[in-house]
Amino acid sequence: MNRKDFIKGAGLTAASMAFMPANGLFAKTFADQKVRLAIIGVGARGLSHLDLVLRRGDTELVAICDVDEKTLELAKKMIEKSGKKMPQVFTGDDSAWKKMLNVKGGLDGIIIATPWELHKEMIISSLDSGIKYVGTEVVLGITLEDHWDVVKAAERNNAHVMMLENVCYRRDVMAVLNMTRQGLFGELVHLQGGYQHDLREVKFNDGKQYYGGGVEFGEKGYSEARWRTNHSVHRNGDLYPTHGIGPVANYIDINRGNRFMTLSSFSSKGRGLHNYVVAKGGADHPNAKVKFKLGDVVTTQISCANGETVLLQHDTNLPRPYSLGFRVQGTDGIWMDVNKGIYIEGKSAKPHQWDNAKEWLDKYDHPLWARWSKETAGAGHGGMDFFVIHAFVEAIKRETETPMDVYDAAVMSAITPLSEHSIDLGNETVEFPDFTGGKWMKRKPVFAITDEY
Ligand SMILES: NC(=O)c1ccc[n+]([C@@H]2O[C@H](COP(=O)([O-])OP(=O)(O)OC[C@H]3O[C@@H](n4cnc5c(N)ncnc54)[C@H](O)[C@@H]3O)[C@@H](O)[C@H]2O)c1
């Protein structure tokens, strides 16, 4: 499919494309421009972002910050190997990152890949210090108020906050986006997604390695076991909604002609984490006494202004193969990723029978993947991680909005506290806030509209 057909399929007008000058112009304008970046948190995720930043010719890594010596050493080795200039390194205490915000020469953008509970303060301080582009790992904050605070900080500073939600760029997810925009599924009616990933070896380890080898967490754990597991002790809700809801939000133009209206969540009993501790560490291990508040399977339903329903699942404590469980269903057809099937009425090979999704996904490969697949080689999560950093950097170069903005980040993140609230209230349906203050009615889709970023 050529670019013109793609744009036509996406329902774009010349006006909505006006902010996107032609490739050639950018090549000229940005030929020698280097985007000055810093990273807070070079742990498991931050190292992957570091790698992607180092690979690019249009970035200058000015500074990094972390409080963990071991991971800083890994980061320094990676930088040395890249042949790039060693950035300034900020470390020593939990507030070292604050000094980094005022690094000499200033920053065009900052990437945050720290524990969830630190994001809000790091984002808001970055914005208030004058940094115009903040790329933050999932999620924006913890409470609903946190999410509002970040939105207000972005508005107050006229600055951009992009949540680095990589699954939005997964190849099959993007091909299906292309198909939805070309109307293959008809009018969308129901969507599903989630985070269904056995994280027991992430939530517990031996305090030395990233995955497993022990049943420690908190102070005695390493990487995510150090901080993430505590959320399973104290909270019950959909703790990790963004990988499922990010793609779904793009399919149905959330914040851009549509919005989430109400939400209700249900939680199953929680057995998986306790059983794992007992099985691997013994019934006498101190962590066998810990009461985990998180239910093993948390199910959330969301209603939308345009009449669609969304079903999300959070399932991280039980033995199971990985699956995000996507389903996109419209008046003319359906995609499900678990069975790798697509059915389009009147177009599929046989009535009532699934086509192998691959034929459709190949045919409707998104122009971004078609153009950049060479550059994705070696990037994390099957290549999709390339696109988040690519989009962040390209938006900075163009001094334009990021393809997912602070309102998108806020609605995705808000699902967690709203689901906790609904469960607390005995599965009551709760209102979804409108972070855009009514702007959703007029905003137009900007995510992956062209093959540029
Ligand atoms: N999108 C994805 O696919 C994906 C995958 C993994 C993690 N993540 C997200 O990335 C974020 C980080 O997760 P992770 O797996 O890298 O965890 P991690 O624990 O491995 O890394 C976090 C890093 O932050 C550092 N840190 C903690 N406090 C700090 C402070 N005050 N100042 C500076 N650095 C500090 C830690 O030392 C650690 O190196 C989380 O939001 C997580 O959900 C996303």
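Q: What joins β11 to β12?
A: A hairpin of two residues joins β11 to β12; helices (H or I, at least four residues) and strands (E, at least two) are DSSP runs numbered from the N terminus. This is a predicted model, in which local features need pLDDT of at least 70 and side-chain atom pairs count only at pLDDT 80 or more, while totals for chains, interfaces and linings use all residues. Residues are numbered from 1 along each chain as its sequence is written.

Q: And in what sense do β11 and β12 pair?
A: β11 and β12 (residues 333-336) pair in the antiparallel sense over three bridges, where two strands count as paired if DSSP finds at least two bridges between them. Within this pairing, Val328 stands opposite Trp335 in β12.

Q: What stands opposite Gly330, then?
A: Leu188 is the residue opposite Gly330, and β7 and β11 pair in the antiparallel sense over four bridges.

Q: How many strands form the open sheet?
A: Nine strands form it, in the order β14-β13-β12-β11-β7-β10-β9-β8-β15, and the pairing is mixed. The edge strands, each pairing on one side only, are β14 (355-356) and β15 (430-431).

Q: Do β7 and β10 run parallel or antiparallel?
A: Strand β7 (residues 188-196) and strand β10 (residues 309-315) run parallel and are joined by seven bridges, with Val310 of β10 as the bridge partner of Leu191. Helix α11 (residues 242-251) packs on the sheet and touches β7, β10 and β11 (327-330), and its direction makes about 160° with that of β7. For such angles, axes are lines fitted to C-alpha atoms, for helices over the stretch in contact, and the angles run from 0 to 180 degrees between N-to-C directions.

Q: Changing topic: which domains is the chain divided into?
A: The chain is divided into domain 1 (3-166) and domain 2 (168-367 + 406-441), with bounds from an automatic or database domain assignment. Their centres, taken over C-alpha atoms, are separated by 24 Å.

Q: How many residues of domain 1 are in contact with domain 2?
A: 22 residues of domain 1 are in contact with 24 residues of domain 2, contact meaning that C-beta atoms placed from the backbone lie within 7 Å. On the domain 1 side, α7 gives the most, with five residues.

Q: Where does the ligand lie?
A: The shell around the ligand takes residues from both domain 1 and domain 2, so the ligand lies between them. The shell has 26 residues, and the closest are Gly41, Gly43, Arg45, Asp68 and Glu137; a residue counts as near if its C-beta atom, placed from the backbone, lies within 6 Å of the molecule or strand.

Q: Which element gives the largest share of that shell?
A: The largest share, three residues, comes from α3.

Q: Why does Gly41 count as buried?
A: Gly41 counts as buried because it has 27 C-beta neighbours inside 10 Å. Gly41 lies in the loop between β1 (35-40) and α3 (44-55), and its C-alpha atom is separated by 5.9 Å from that of Cys65, 24 residues apart along the chain.

Notes. Two residues are in contact if their C-beta atoms, placed from the backbone, lie within 7 Å. A residue is buried if 20 or more other C-beta atoms lie within 10 Å of its own, exposed if 12 or fewer, and partly exposed in between; C-beta atoms are placed from the backbone.
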